[in-house]
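Please open the model in your viewer and keep the sequence panel beside it.

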Amino acid sequence: MKSKNKKVICALLLVICALLSYFLWLSLRPVEIIAIHQRRNYSDVLVKNFPLTEQGKINWWLKNKKMLKDMYNIPKPAQDGFFTVIFWYFGEGYKETDGYDRLCFDDMKPPINCIDKDSLIMVNNSKNTGLYFILDSGTYHINDSGKMVKK
């Protein structure tokens, strides 16, 4: 009986180690920016390998906002400072419109100019609310002391 228990424990440990290794590998992959589509002060960024957690997504933005501005000139704020940057999962790539729920880009020729709507994070800034992040679980603001607050 003891031998059987040892085998089960070893198998469980092996599975746990494999899962931990897989999640570590996922978290260490660099974010790949596929394309950027802009309309005035709105920017759509198509990405692969984006961080999995909400805190990871926000931290990625905070660490890479200067790089995005330098390399891609985003965000492009309006005169009052308003901007929106939406990061979309690129998934299976560009597709034809389904006439219903795909996001299609006017700066590309149809028919292969749409993606499935799978937003990862929306970064907004306005004069009244300041910088805030919209994610699946809610909206996060950075307060005056620099602390992240979920609303």
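Is T84 buried or exposed? T84 is buried, because its relative accessible area is 4%, where buried means under 20% relative accessible area, exposed means over 50%, and partly exposed lies in between, with a 1.4 Å probe and protein chains only. Before going further, note that this is a predicted model, in which local features need pLDDT of at least 70 and side-chain atom pairs count only at pLDDT 80 or more, while totals for chains, interfaces and linings use all residues. Residues are numbered from 1 along each chain as its sequence is written, and side-chain values use heavy atoms, with hydrogens and water left out.

T84 sits in strand β3, which covers residues 83–89; helices (H or I, at least four residues) and strands (E, at least two) are DSSP runs, numbered from the N terminus. If neighbours within four places in sequence are set aside, T84 is in contact (heavy atoms within 4.5 Å) with N41, Y42, S43, M122, V123 and N124.

**Select the nonpolar core**

Next, select W61, F87, I121, V123 and F133, the residues with the most contacts inside the largest nonpolar core, which has 19 residues. A core of this kind is a set of buried Ala, Val, Leu, Ile, Met, Phe, Trp, Tyr and Cys residues joined through side-chain atoms within 4.5 Å. At least two residues of this core come from each of β2 (42–48), α2 (54–72), β3, β6 (119–126) and β7 (130–135), and α2 gives the most, with four residues. A second, separate core has eight residues, among them L46, I86, W88 and F105.

**Zoom in on the rings**

The structure holds seven aromatic pairs; rings of Phe, Tyr and Trp (its six-membered ring) pair if their centres lie within 6.5 Å, and planes under 30 degrees apart count as stacked, over 60 as edge-to-face and the rest as tilted. The rings of W61 and F87 have centres 6.2 Å apart and planes at 75°, so this pair is edge-to-face. It links distant parts of the chain, since W61 lies in helix α2 and F87 in strand β3, 26 residues apart, and both W61 and F87 are buried.

Then move to F90 and Y94, another edge-to-face pair, with 5.1 Å from centre to centre and 80° between the planes. F90 counts as buried at 12% relative accessibility, whereas Y94, at 24%, counts as partly exposed.

**Zoom out to the whole chain**

Finally, display the whole protein chain, which has two helices and nine strands, running α-β-β-α-β-β-β-β-β-β-β from the N terminus on. Its C-alpha atoms fill a box of roughly 75 × 45 × 30 Å, taken along the principal axes. Colouring by burial picks out 32% of the 151 residues as buried.
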